[in-house]
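Work through the exercises below with the model open. Each task is followed by a solution in steps.

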Amino acid sequence: MEKALQTMIANMPEKTGKSLEEWKKILKGKSFEKHGEAMKFLKGEHGVTHGFANTIILLSKESHTSPEDLVNAQYKGKENLIPIYHRLIEVVRSLGPDVIQTPKKTSVSIIRKKQFALIKPATKTRIDLGLKLRDRPVTDRLGNSGPFGTMCTHRVQLTTSAEVDDQLIEWLKEAYEQAE
């Protein structure tokens with residue numbers, strides 16, 4: 001994860017027109033109360049993509065919480081879910097070199113050019129995997145997006161790492177391919 005973050009920071013000037021330090025100065029001059037307000041500002045007024053905007057905001061916060069700290073905090077008291085999380089990360093990393101993982105306070109966004117998946121420890125016994133899949137009907141396993149709303153089109157509820165099976169991997173590949 002650290003390598004992906006460093007790559008993103010290195011690519012920031014080319015992809016966004018400014019370095020991380022320049023973005024930090026811009027955000028420091030603003031007083032956004034909510035994460036979403038800062039996202040709207042960066043995406044709307046500066047044309048920054050979702051993944052870069054989220055990373056800029058997270059790295060601009062005074063607490064300087066590392067991505068690893070964010071993930072560790074998500075799974076505190078839910079350590080039994082960590083094998084599922086690690087299996088999902090292993091799969092998404094194998095999809096291509098352009099996959100970016102962006103940990104937030106309660107979830108991890110999986111991004112190509114756009115977010116295509118979201119991993120969230122929903123309860124002490126379940127991870128919800130949100131997917132963005134066009135033209136896919138809802139099934140018993142591939143449920144509606146539920147609490148993810150418009151961030152995802154579907155949700156798969158996982159209670160064991162064995163549920164990260166061939167069918168789920170195909171759905172992840174499909175979501176990845178659609179996120180070009």
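**Exercise 1.** Does Y176 count as buried or exposed, and at what relative accessibility?

Solution. The model is a predicted one. Buried means under 20% relative accessible area. Y176 has 9% relative accessibility, so Y176 counts as buried.

**Exercise 2.** Which residue lies over the face of Y176, and at what distance from the ring centre?

Solution. R112 lies over the face of Y176, 3.9 Å from the ring centre. Another case to look up is K18, which lies over the face of W23 at 5.3 Å from the ring centre.

**Exercise 3.** How many aromatic pairs does a search of the whole structure find? Classify the one formed by Y75 and Y85.

Solution. 
- Step 1: the search finds three aromatic pairs.
- Step 2: for Y75 and Y85, the ring centres are 5.2 Å apart and the planes stand at 45°, so the pair is tilted.
- Step 3: Y75 sits in the loop between α5 (67-74) and α6 (82-94), while Y85 is in helix α6, 10 residues apart.
- Step 4: both Y75 and Y85 are buried.

**Exercise 4.** Which residues of α6 are buried, and why can they be placed on the same side?

Solution. 
- Step 1: the buried residues in α6 are I84, Y85, L88, I89, V91 and V92.
- Step 2: around the axis they cover an arc of only 165°, which puts them on the same side of α6.
- Step 3: as a check on the helix itself, its 13 residues reach 18 Å from the first C-alpha to the last, close to the 18 Å expected at 1.5 Å a residue.

**Exercise 5.** In what sense do β1 and β2 pair, and over how many bridges?

Solution. 
- Step 1: β1 and strand β2 (residues 108-111) pair in the antiparallel sense over four bridges.
- Step 2: P103 has V108 in β2 as its bridge partner.
- Step 3: four residues lie between β1 and β2, and the two strands form a hairpin.
- Step 4: strand β1 (residues 100-103) is covered on both faces, with I100 and T102 buried on one side and Q101 and P103 buried on the other.

How values were computed:
Residues are numbered from 1 along each chain as its sequence is written. This is a predicted model: local features need pLDDT of at least 70, side-chain atom pairs count only at pLDDT 80 or more; totals for chains, interfaces and linings use all residues. Side-chain values use heavy atoms; hydrogens and water are left out. Rings of Phe, Tyr and Trp (its six-membered ring) pair if their centres lie within 6.5 Å; planes under 30 degrees apart count as stacked, over 60 as edge-to-face and the rest as tilted. Buried means under 20% relative accessible area, exposed over 50%, partly exposed in between (1.4 Å probe, protein chains only). A charge sits over a ring if NZ of Lys or CZ of Arg is within 6 Å of the ring centre and within 35 degrees of the ring normal. The expected span of a helix is 1.5 Å times one less than its number of residues. The arc is that of the directions from the helix axis to the C-beta atoms. Two strands pair if DSSP finds at least two bridges between them.
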